[in-house]
Amino acid sequence: MELSDAFDDIRPADPFPGRVDQEVLSVRMTDGRHLEGSLMRMGGMAFLQVRNPVPSLQPNVEGPISPDDVAGYSVLRTREEVAAERFERSRGEPVPGHFARTRDGYEARLDRLARAAAMETSTRRRQIEHQFDDVADEISLAQTKRKWILDCARWYRHSNEEPTKIDLSGGCMTTAMKYQRPRPQDFDPDPKIRRARVQVPDYVADDPLSTWNMIRTFRALGYNARGSVMGEVTYESADLLVDFPEGREKGRYSVTGRRGPSGTMVWNFLWDGNGTKTDDRRRFRSRQSDRFEQFRNILVYGTLMPEFSEKGRSAYRVDLLVDDPRPVFDWLEQHAGAAVSRKLARETSVGWHFAVVFGEETAAASFRECWSEDLATRAKVSARRKDLRNAPVP
């Protein structure tokens, strides 16, 4: 005799053969009782979960039930019917509103459900959130992005400002990791479009100080630049954590960039440390190194850094120091054309610093010859600073 056959001999007989768990049965017992409940099996034994006449949290459990105890039974609801009923009960009444299965339609419907859930409490809120998940499942929206939409709806109940990760997480780093701002293509019904790489806008690619170009420059020069856990990285703003190429012990800075009213990205940095004496000594050594000077220049020039311009392509950079950058812009538009790879004009204490990167040597030579008197040499910058120091105070 096999071991399985031995177990069959000691296993009690099934009083409900062919029935599956969670089915609702109506059972006539041999003692005259009539029971209605949900079938449940444990350890090879059959039980019935019978609801009390008076509502209670826990149903009565009858059993174990043997075949000798059952005079007959009928199926009131199958397992599929029970699951469908439970599904409808967990969703409740559908939130009204038109739902078009397009990119804008999915985004509008999810926003509508999130705002409806924010207005409710307890059971009804959970029902609407289940409706929200049903729609989000159709486009495979990530859980971090679902949480962003739901919590943003609650945030807008008491504020008109756009929330950040810090606002939604309350400043908790662990909670902030659970949030991610959805992208427009995340709501597209086509999975290929949702997974496709997003084309960088032209104004971002052409701006040497844009978020995209700033990260490229840092990484090309050996720095470990990535998005901060407590911040976000978008085309209009960024919160980065940057480590020096030699390791975080040599330098780790929190870098923030924001696009100002004029449309120019402005970058700032702070030492990322714990404020101890050892950390203060590390910060002091970092600021005395040559690497720190390069780090600051990257934040000022971005992709106009000479070291970056020379990587992987033939590029020629010319720097000018002028009082008004508009004539330089006009000259480049009339004479240089497509030969200009990147350009940047920024106002300093000694005038406008105009930096241009050309892709052709002839165009760079022509530009340098035409503006030879305005080249931003060290001697010219030092002379202007000296004039400012010696100027009479008004």
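**Salt bridges and a nonpolar surface patch**

With a relative accessibility of 7%, Asp 243 counts as buried. In this predicted model, Asp 243 forms a salt bridge with Arg 226, and the closest N and O atoms are 3.2 Å apart. The pair links distant parts of the chain: Arg 226 belongs to strand β6 (residues 224-227) and Asp 243 to strand β7 (residues 237-243), 17 residues apart. Arg 226 is partly exposed, at a relative accessible area of 24%.

The structure holds 33 salt bridges. Another of them joins the side chains of Glu 62 and Arg 33, at 3.4 Å from N to O. Here too, distant parts of the chain are linked, with Glu 62 in strand β4 (residues 60-65) and Arg 33, 29 residues apart from it, in the loop between β1 (24-29) and β2 (34-42). Glu 62 is partly exposed, with a relative accessible area of 25%, and Arg 33 is partly exposed at 36%.

A salt bridge also connects Arg 283 with Asp 280, where the closest N and O atoms lie 3.5 Å apart. These two residues sit 3 residues apart in helix α11 (residues 277-287), so about one helical turn separates them. Arg 283 counts as partly exposed at 31% relative accessibility, as does Asp 280 with a relative accessible area of 32%.

Turning to nonpolar side chains, Met 173, Met 177 and Val 229 make a surface patch of about 290 Å². Met 177 lies in the loop between α7 (173-176) and α8 (191-195) and is exposed, with a relative accessible area of 57%.

Methods
Residues numbered from 1 in each chain as written. Predicted model: local features only at pLDDT ≥ 70, side-chain atom pairs only at ≥ 80, totals over all residues. Heavy atoms only, no water. Patch = residues over 30% accessible without salt bridge, like charges linked within 9 Å, V, L, I, M, F, W, Y side chains within 5 Å. Areas by Shrake-Rupley, 256 points an atom, 1.4 Å probe, with all protein chains shown as cover. Salt bridge = Lys/Arg side-chain N within 4 Å of Asp/Glu carboxyl O. Helix = DSSP H or I, 4+ residues; strand = E, 2+ residues; numbered from the N terminus. Buried < 20%, exposed > 50% of the residue type's maximum accessible area, 1.4 Å probe, protein only.
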